Amino acid sequence: MKEWVLILGCSTGHGGATTRKLAENGYGIIGFHFDRGDIKKEAGVFCEELKGVNDGRCHFFNTNAASPEVMDEYLPKIKEITGGEPLKLLLHSIAFGTTTNFFGEKPATQKQMEMTIHVMGTSLLYWVQKLHDAELLANGSRVLGLTSEGNYLAMEGYGPVSVAKVALESITRQIGWELGQHGITANCIQAGVTPTRALTKITDRWEEWVELTKERNPMKRTTRPEDVANVVYLMLQPEADFINCSIVYTDGGEHRSGM
Ligand SMILES: NC(=O)c1ccc[n+]([C@@H]2O[C@H](COP(=O)([O-])OP(=O)(O)OC[C@H]3O[C@@H](n4cnc5c(N)ncnc54)[C@H](O)[C@@H]3O)[C@@H](O)[C@H]2O)c1
């Protein structure tokens, strides 16, 4: 039987596709999502469907995974689910933050900055610290975050999120540097522009972005969540044991395009 994976942001987009891919390949899934209103129903349907996929080895929790109280509350449950066995993977694929600029009509406030940096950046560190203390990360475990070109390029509506991405990348680098000696690796996957719910929140002009990306991308299409799921799957193989403190580009070469 394959190991357990913990996916934060498991119901849609990159996290959703990864949840499906790993469940279909026999991994046990512990997934957190935070969906309210109409999207709660959609998320419920997705989770129910997946529960039928891998002999019921799927556990989903609809709650704020960035809250330290939630982490403390669910840690014993996670340990119970895995039977104390370490996780193969912690994937941070949470998209929730303030999408705005630093100046203009709605300049980012200190509160918005701190919330976004925490939810999309530093919350990964606190999960890793707590899982490590609980011996739920061990030799062979992977920590993966999701980053974007917005880490080093300025973009419309991406002010606070870009800061969170810088934090996320430095956090994975430092985790890999400190825990690599125990066989625990940490990396970021840099996805290209992907039409997901999160993308539509960044700017009203997201459809223009998509068209521009298709032009700019050497492979003439946008990234699909399934592309990311495939790379996460590859990263779980023993052959990926020595990939650490790295950015794994999953964008068809988009970040190398001069256009
Ligand atoms: N879409 C893109 O173009 C793109 C490109 C590069 C990187 N990324 C990154 O990929 C990651 C996932 O984004 P996506 O595009 O798949 O978004 P998405 O909106 O499709 O999915 C976001 C997921 O996060 C969950 N979530 C939100 N807040 C949460 C919280 N507090 N606790 C638990 N779960 C929470 C949602 O329920 C959902 O499952 C983000 O870090 C995003 O910045 C996205």
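Is C245 exposed, partly exposed or buried? I will come back to that after the overall picture. Keep in mind that this is a predicted model.

The chain first. The protein chain has 8 helices and 7 strands. Its radius of gyration is 18 Å, close to the 18 Å from the globule rule for 259 residues, so the chain is as compact as a globular protein of that length. Along the principal axes, the C-alpha atoms fill a box of roughly 50 × 40 × 35 Å. Of the 259 residues, 44% are buried. As for contacts, take those between residues at least 6 apart in sequence: 76% of them join residues at least 24 apart.

Now two residues with backbone angles to look at. Start with D55, which sits in the loop between α2 (38-51) and β3 (58-62). D55 is not a glycine, yet its phi is positive, at about 55 degrees. Around D55 there are 10 other C-beta atoms within 10 Å, and the limit for exposed is 12 or fewer, so D55 counts as exposed.

The second residue is C245. Its place is the loop between α8 (225-235) and β7 (247-250). C245 also has a positive phi of about 55 degrees, and it is not a glycine either.

That brings me back to the opening question. C245 has 16 other C-beta atoms within 10 Å. Buried would need 20 or more, and exposed 12 or fewer, so with 16 C245 is partly exposed.

To recap the pair: D55 is exposed, and C245 is partly exposed.

Definitions and conventions:
Residues numbered from 1 in each chain as written. Predicted model: local features only at pLDDT ≥ 70, side-chain atom pairs only at ≥ 80, totals over all residues. Helix = DSSP H or I, 4+ residues; strand = E, 2+ residues; numbered from the N terminus. Rg over C-alpha atoms; globule rule 2.2 N^0.38 Å. Contact = placed C-beta atoms within 7 Å.
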